[in-house]
Amino acid sequence: MKIGIIGAGNIGGNLTRRLTALGHEVSVANSRGPQTLTALAEETGAKPVTASEAAKDAQVVVVTVPLKAVPNLPSGFLDGAADGFAVIDTGNYYPQQRDGRIDAIEDGLPESRWTEQQIGHPVIKAFNGTYAQDILDRGRPQGTPDRQALPVAGDDPAAKQAVRDLIDELGFDTVDSGGLDESWRQQPGTPVYGNRGDVDAIVKALSEASPERTAEFRA
């Protein structure tokens with residue numbers, strides 16, 4: 001599969017490592033330019049590109065940049081992706097630590113719905129509450145008892161299934177956490193955020209989520 005990853009931080013870097021190890025063809029970009037990705041490219045075999053080039057022919061595009069940087073992604077950066085491609089949004093809103101105030105999110109718009117509006121394409125919310133190191137260390141074969149599960153939210157059934165299949169290949173179970181309007185259930189401060197539980201634990205955590213944002217994650 002051709003996969004484009006925009007953002008080479010902890011999540012983006014470790015997804016690059018695992019997905020290339022699984023044999024996928026990965027293009028990776030960051031905000032500083034491909035010349036700064038030489039070490040990651042040499043380690044993994046991924047192709048360093050600009051953000052404008054990352055989605056070319058990609059069947060899956062991972063957007064894993066700080067939320068405040070989403071509006072600054074290049075215009076048309078998704079042009080040239082494969083037909084029926086899926087976009088994974090790993091982002092979180094951290095108003096106090098990083099992103100500043102985003103009024104629409106403060107007014108109750110789910111974070112990934114805001115991202116979707118900014119980039120002009122439906123997104124699937126996944127990996128946002130996952131520890132980056134777990135992507136490298138905690139994947140297990142299908143059927144392993146207590147296999148860690150990740151919540152996945154989105155409106156497009158085919159795109160969501162493609163993402164769930166990819167997560168399964170990475171070694172994790174998944175839980176369908178609903179449409180994107182329900183994706184607040186996996187935002188920072190909810191019981192599922194950072195939860196390393198199995199399917200039953202993740203289902204329970206999602207059901208216990210409150211739409212009221214905790215003070216730590218409000219501007």
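This is a predicted model: local features need pLDDT of at least 70, side-chain atom pairs count only at pLDDT 80 or more; totals for chains, interfaces and linings use all residues.
Student: Let's start with overall shape. Why does the radius of gyration of the protein agree with that of a compact globule?

Tutor: A compact globule with 219 residues would come out near 17 Å, and the protein has 16 Å, so the two agree. Along the principal axes, the C-alpha trace spans about 45 × 40 × 30 Å.

Student: What is the protein built from, in helices and strands?

Tutor: There are eight helices and eight strands. As for contacts between residues at least 6 apart in sequence, 69% join residues at least 24 apart.

Student: How much of the protein is buried, and what does buried take?

Tutor: A residue needs under 20% relative accessible area to be called buried, and 52% of the 219 residues make it.

Student: On to helix H5, residues 111–119. Why is helix H5 called largely enclosed by the rest of the structure?

Tutor: Count its residues: seven of the nine are buried, so the helix is largely enclosed. The buried ones are Glu-111, Ser-112, Arg-113, Trp-114, Thr-115, Glu-116 and Ile-119.

Student: What do those buried residues of H5 pack against?

Tutor: Their partners are strand S5 (86–89), helix H4 (103–106) and strand S6 (124–125). Just past the end of H5, Gly-120 takes a positive phi of about 70 degrees.

Student: Pick one residue, then. What makes Ser-112 count as buried?

Tutor: Ser-112 sits in helix H5. The cut-off for buried is under 20%, and Ser-112 has 0% relative accessibility, so Ser-112 counts as buried.

Student: Which residues is Ser-112 in contact with, leaving aside neighbours within four places in sequence?

Tutor: Ser-112 touches Asp-89, Val-123, Lys-125, Leu-180 and Ser-183. Contact here takes heavy atoms within 4.5 Å.

Student: How do the lining residues of the largest pocket divide by type?

Tutor: Nine are nonpolar, 12 are polar and one is charged.

Student: And what lines the second largest pocket?

Tutor: The second largest pocket has 14 lining residues, with Gly-7, Asn-30, Ser-31, Arg-32 and Val-65 nearest its centre. Its space is about 270 Å³, and its lining divides into eight nonpolar, five polar and one charged.

Student: What makes a space a cavity, and how many of 30 Å³ or more does the search find?

Tutor: In a cavity, a 1.4 Å probe fits but cannot get out. A search of the whole structure finds one of 30 Å³ or more. The largest cavity has a volume of about 80 Å³. Among its 16 lining residues, Gly-129, Thr-130, Leu-150, Pro-151 and Asn-195 are the closest to its centre.

Student: Which element gives the most to the lining of the largest cavity?

Tutor: That's strand S7 (residues 149–152), with three residues. By type, the lining of the largest cavity has seven nonpolar, seven polar and two charged residues.

Methods:
Residues are numbered from 1 along each chain as its sequence is written. Side-chain values use heavy atoms; hydrogens and water are left out. Buried means under 20% relative accessible area, exposed over 50%, partly exposed in between (1.4 Å probe, protein chains only). Helices (H or I, at least four residues) and strands (E, at least two) are DSSP runs, numbered from the N terminus. Ala, Val, Leu, Ile, Met, Phe, Trp, Tyr, Cys and Pro count as nonpolar, Asp, Glu, Lys and Arg as charged, and the others, Gly among them, as polar. On a 1 Å grid over the protein atoms alone, a cavity is a set of points where a 1.4 Å probe fits but cannot get out, and a pocket is an open set with protein on both sides within 12 Å along at least five of seven lines; lining residues have an atom within 4 Å of a point. Grid points are joined across faces, edges and corners, and a volume is the space filled by probe spheres set on the points. The radius of gyration is taken over C-alpha atoms; the globule rule is 2.2 Å times the number of residues to the power 0.38.
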